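Reader: Could you walk me through this one, term by term? I'd like to hear what stands behind each label.

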Amino acid sequence: MPTSVKELLADANAAVPRVSREEAAALMQAGALVVDVRDAPELKAGRIAGAAHVSRGMLEFRADPDSPYHDPAFRRDRTVILYCASGGRSALAGKALLDLGYVDVRNLGAFKDWAEAGGAVEAG
């Protein structure tokens with residue numbers, strides 16, 4: 001059992017595959033759910049076009065169909081792509097989704113990398 005953030009991140013990164021901008025764009029075209037897990041103030045920098053915003057602290061509540069806060073966009077059989085500011089929170093979020101029974105979860109990593117590579121962005 002992990003006993004530090006470093007170990008938690010290592011476990012999460014081992015369990016949740018990274019996805020490139022190109023792969024993410026193709027998965028988005030195929031219907032993947034893209035989720036921004038950053039905190040609300042971070043959205044001022046913009047977000048990936050079409051991404052849902054669910055802060056890291058609310059993710060499990062939105063993703064669990066038995067939760068009164070469930071968001072129907074979250075389905076265990078749907079590909080989910082997560083991102084944050086650097087890739088750490090999105091890795092942890094991906095691991096949490098896997099633990100909740102999600103099958104295909106990917107970590108896009110940092111929002112700024114997507115934006116700098118020319119990915120579609122909308123105002124936060």
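Author: Gladly, and let's begin with pairing: two strands pair if DSSP finds at least two bridges between them. Helices (H or I, at least four residues) and strands (E, at least two) are DSSP runs, numbered from the N terminus. Four bridges join β1 to β4, and these two strands run parallel. A word on provenance: this is a predicted model, in which local features need pLDDT of at least 70 and side-chain atom pairs count only at pLDDT 80 or more, while totals for chains, interfaces and linings use all residues. Residues are numbered from 1 along each chain as its sequence is written, and side-chain values use heavy atoms, with hydrogens and water left out.

Reader: How do you know that β1 and β3 pair?

Author: DSSP must find at least two bridges, and β1 and β3 have two, in the parallel sense. Strand β4 (residues 80-84) also pairs with β5, again parallel, over five bridges.

Reader: What makes the four strands a sheet, and in which order do they lie?

Author: They form an open sheet in the order β3-β1-β4-β5, with parallel pairing. β3 (52-53) and β5 (105-110) each have a single partner strand, so they stand at the edges and one side of each is left without a neighbour in the sheet. Helix α4 (residues 88-99) packs on the sheet and touches β4 and β5. The direction of α4 makes about 150° with that of β4; axes are lines fitted to C-alpha atoms, for helices over the stretch in contact, and angles run from 0 to 180 degrees between N-to-C directions.

Reader: Which residues are bridge partners of Asp36?

Author: Asp36 has Tyr83 as its partner in β4 and His53 as its partner in β3. Tyr83 in turn is bridged to Gly109 in β5. Elsewhere, Val34 stands opposite Ile81 in β4, and Cys84 is opposite Ala110 in β5.

Reader: Why is Asp36 called buried?

Author: Buried means under 20% relative accessible area, exposed over 50%, and partly exposed in between (1.4 Å probe, protein chains only). Asp36 has 0% relative accessibility, so it counts as buried. The side chains of Asp36 and Arg38 are joined by a polar contact of 2.6 Å. That term stands for a pair of N or O atoms within 3.5 Å; within protein, one must be able to donate a hydrogen and the other to accept it, and residues adjacent in sequence count only if both atoms are side-chain atoms.

Reader: What makes β4 largely enclosed?

Author: Five of the five residues of β4 are buried, so the strand is largely enclosed by the rest of the structure. Val80, Leu82 and Cys84 cover one side, with Ile81 and Tyr83 on the other. Strand β1 (residues 33-36) likewise has both faces covered, with Leu33 and Val35 on one side and Val34 and Asp36 on the other.

Reader: Is Arg56 buried, partly exposed or exposed?

Author: Arg56 has 22% relative accessibility, so it counts as partly exposed. Arg56 is found in the loop between β3 and α3 (59-63). Its side chain makes a polar contact with that of Glu60 at 3.1 Å.

Reader: Which residues is Arg56 in contact with, beyond its neighbours within four places in sequence?

Author: Contact means heavy atoms within 4.5 Å. Leaving aside those neighbours, Arg56 is in contact with Val37, Arg89, Leu92, Ala93 and Ala96. The C-alpha atoms of Arg56 and Val37 are separated by 4.8 Å, although the two residues are 19 apart along the chain.

Reader: And why is Asn107 called buried?

Author: Asn107, found in strand β5, has 0% relative accessibility, so it counts as buried. The side chain of Asn107 reaches the backbone oxygen of Gly87 at 3.2 Å. Leaving aside neighbours within four places in sequence, the contacts of Asn107 include Asn13, Leu82 and Ser90.

Reader: How do you know that the radius of gyration agrees with a compact globule?

Author: The radius is taken over C-alpha atoms, and the globule rule is 2.2 Å times the number of residues to the power 0.38. With 124 residues, a compact globule would be near 14 Å; the protein chain has 13 Å, which agrees. The chain has five helices and six strands, and 35% of its 124 residues count as buried.
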